[in-house]
Amino acid sequence: MGLKMKITVDVVNFRVRAAQILEKGVSMGPVRIKDNVYWVGVLDWDIRDFHGYSTPKGTTYNSYLVIDEKITLFDGVKKPFKNDLLESIAQIVDPRKIDYLVVNHVEMDHSGSIPEIVELIQPQKVLCSPMGKKALIDHFNREDWPFEVVETGQTLKLGKKSVSFFETRMLHWPDSMMSYLNEDKILISSDAFGEHWATSERFDDQVDSGELFGHAAKYYANILLLYSPLVQKLIAKLAQAGIEPSMIAPDHGVIWRRDIAGIISAYARWSKQESLRKALVIYDTMWQATASMAEAVGEGLKREGFDFKLFNLKFNHRSDIMTEVLDASALIIGSATINNGMMPAMADLLTYMKGLKPHGKVGAAFGSYGWSGEAVKQIADWMREINIHMVGDGLRVKFTPKKQDLENCIELGRQVAREALAREAGISTPKTD
Ligand code: FEO
């Protein structure tokens, strides 16, 4: 069936369909989240890599539809899901009756469908931030769209409802903004407060809280960590503006309505990069010598009462490691040397980590080598570049670690733990590098 015919059929039947919408929110069609406010997003169950971030449980692209004198759609979806979005909208209203299209963020997972949506619905206004307009034109070369640029604090009447806009530059793109439905107290928060998680449930109180906060932490660590100072400003800005949402409706994952305070306080904590008494020993190994060193470093940490986790890069994804980095106080990183450098997976991780700018960590470097052994120095240099407080200049072992070498690894673990504990207690020690 062609899309136009399908939409017509849907419009004829939409009253019947609307009655079938589950207000409980356990549905894959549209979901009423407040009177005349609907989630019309789509689920992407199959995606496993989101520009380098592993998504073992898929993701969602959330769009929201407000029915009022001016029917308004907030955000699009990834291009391949355009028809799913339109079919979902058609269960509520003929998509061609949409008056306003709000584009909170131009990244392709939300705007890939926008050109075809604009073509179909012919909106009276395309509302976006000043940078959003530039980015939409840069992406789609369509200066003829009926753009209306909105700025922070600007309010637009939709009828009985009104929406206010908040620019959130670099959270996480220059164009990013949020929309706030004033009467319903719904904050449509774009990427912030989201999770990459495909689930048939739509609200935070319908899913396991531990799993939810795990996905939210991974999202923060991999998307927002480098913008942490801006996150702190955002939280303050929302409070100053008197915004006390009854719902936070992000563009990925579930809608927060029960634990709004919990997710805001988690963002406050993550953005301060508050760390736990936790160390990560991250390594790549060629013939298990560096792996033996990693285990001995862990033994040293344990002897100082420090929790630690070992991450072999052959079995752990960079984005899962970044989630652990979020609240770790110590990073001890090792690699064998190959072709005068570090193992390729280690270069991948360090490049990724450097971009996300974790701070406030103590660290050390280690590794086995055969004849040149450059990897340890390279790792130590990378760690210094991201302002990790280094313990020592790096521990190298030629070929297989002997008894004394393993003792030295244990001692390295103990030194890092003692340094982290001293910093936790506010005792500053001179840098050893
Ligand atoms: Fe979900 Fe920055 O896009």
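A nonpolar core here is a set of buried Ala, Val, Leu, Ile, Met, Phe, Trp, Tyr and Cys residues joined through side-chain atoms within 4.5 Å, where buried means under 20% relative accessible area with a 1.4 Å probe, protein chains only. These views show a predicted model, in which local features need pLDDT of at least 70, side-chain atom pairs count only at pLDDT 80 or more, and totals for chains, interfaces and linings use all residues. Residues are numbered from 1 along each chain as its sequence is written, and side-chain values use heavy atoms, with hydrogens and water left out.

**View A. The largest nonpolar core has 93 residues.** Leu 65 and Ile 263 touch the most other members. Helix H6 (residues 209-224) is the top contributor, giving nine residues; helices are DSSP runs of H or I, at least four residues, and strands are runs of E, at least two, numbered from the N terminus. Domain 1 (3-271) and domain 2 (278-424) each supply at least three residues to this core, with bounds from an automatic or database domain assignment.

**View B. Zooming in on Ile 263.** Leaving aside residues up to four places away in sequence, Ile 263 touches Phe 193, Phe 213, Ala 216, Ile 248, Trp 256 and Trp 270 (contact: heavy atoms within 4.5 Å). There's also a second, separate core of 24 residues, with Ala 291, Met 293, Leu 301 and Leu 395 among them.

**View C. An open sheet of seven strands runs S1-S2-S7-S8-S9-S10-S11.** Pairing is mixed, and two strands pair if DSSP finds at least two bridges between them. Strands S1 (31-34) and S11 (147-149) sit at the edges, each pairing on one side only.

**View D. S1 meets strand S2 (residues 37-39).** These two run antiparallel, joined by three bridges. Arg 32 has Tyr 38 in S2 as its bridge partner.

Definitions and conventions: Buried < 20%, exposed > 50% of the residue type's maximum accessible area, 1.4 Å probe, protein only.
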